[in-house]
Amino acid sequence: MKHQELPSILPLYAADGTILLPRTQLPIFLKRKEEKAILGHAFSEGHRLIAVAQSNPEGGYFQKGCVGRILNFQDGPQIYLTLGGMCRFKIEEVIKDSIKKVRVDYQGYESDLEDITPDPFVDRPRLLTLLKDYLEDQDIIANWDEIDHASDDLILNSLSMACPFKPIEKQALLEISSLSERCDMMIALMEMASSRLKGNPLRLH
């Protein structure tokens, strides 16, 4: 799909401390009636697309998010669904309706829908070395065989979503344009977190 084919008005899922990035998958639960209505709208429009944007702790929403396509769902008292990240966007308008909707602009994020080319400036060895210490500090178990065989894009985007960073930090990772810049920020965030957890003074670079 090309970005021109993406709808400009989408139902909005406001995520708390969670982001979606292109070429990743995000499992979510829809519990409240108004959240479940988002799913119905996406199907009724025929596009199966939902806009995912973080709730801003200071009020409202962060202005940039990502479109997710509904890959599968299980109905019940609470609906479980999986979204596949497609393309980031900027919110131009929040539309007042029976459900939350947003008018979005995809300009600047057209490359999200294109084939990924390797970024030679991604410091993968340093990232993975720090990641082992970081995950150990956070008591998170990782499948290292899977990580070793994953692409830089998948590793960085998945970590940006999964690591317990602050909402503003996750938002910065979402908005960064290049993979190497996302890698550099990820390294910096893990270094700071590791220093805090070990009681060591932070080193500013």
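**View 1. A lysine over a tryptophan ring.** A charge sits over a ring if NZ of Lys or CZ of Arg is within 6 Å of the ring centre and within 35 degrees of the ring normal. In this predicted model, Lys132 meets that description, lying over the face of Trp144 at 5.3 Å from the ring centre.

View 2. Three aromatic pairs turn up in a search of the whole structure. In one of them, Phe43 and Phe73 are tilted, with 5.3 Å centre to centre and 55° between the planes. Distant parts of the chain are linked here: Phe43 belongs to helix H1 (residues 33-44) and Phe73 to strand E4 (residues 64-74), 30 residues apart. Phe43 is partly exposed, at 30% relative accessible area, and Phe73 is partly exposed too, at 38%.

**View 3. The largest pocket.** Here you can look into about 490 Å³ of space. Of the 19 lining residues, Glu146, Ile147, Ser158, Leu159 and Ala162 are closest to the centre. H4 gives the largest share of the lining, six residues. By type, the lining holds 14 nonpolar, four polar and one charged residue.

**View 4. The second largest pocket.** About 410 Å³ of space lies in this pocket. Its lining has 20 residues, with Tyr13, Ala14, Ala15, Arg32 and Glu35 nearest the centre. The lining divides into 11 nonpolar, three polar and six charged residues.

Technical notes
Residues numbered from 1 in each chain as written. Predicted model: local features only at pLDDT ≥ 70, side-chain atom pairs only at ≥ 80, totals over all residues. Heavy atoms only, no water. Phe/Tyr/Trp six-rings, centres within 6.5 Å; stacked < 30°, edge-to-face > 60°. Helix = DSSP H or I, 4+ residues; strand = E, 2+ residues; numbered from the N terminus. Buried < 20%, exposed > 50% of the residue type's maximum accessible area, 1.4 Å probe, protein only. 1 Å grid on protein atoms, 1.4 Å probe; cavity = no way out; pocket = protein on both sides within 12 Å on 5 of 7 lines; lining within 4 Å. Points joined across faces, edges and corners; volume = space filled by probe spheres on them. Nonpolar A, V, L, I, M, F, W, Y, C, P; charged D, E, K, R; others polar.
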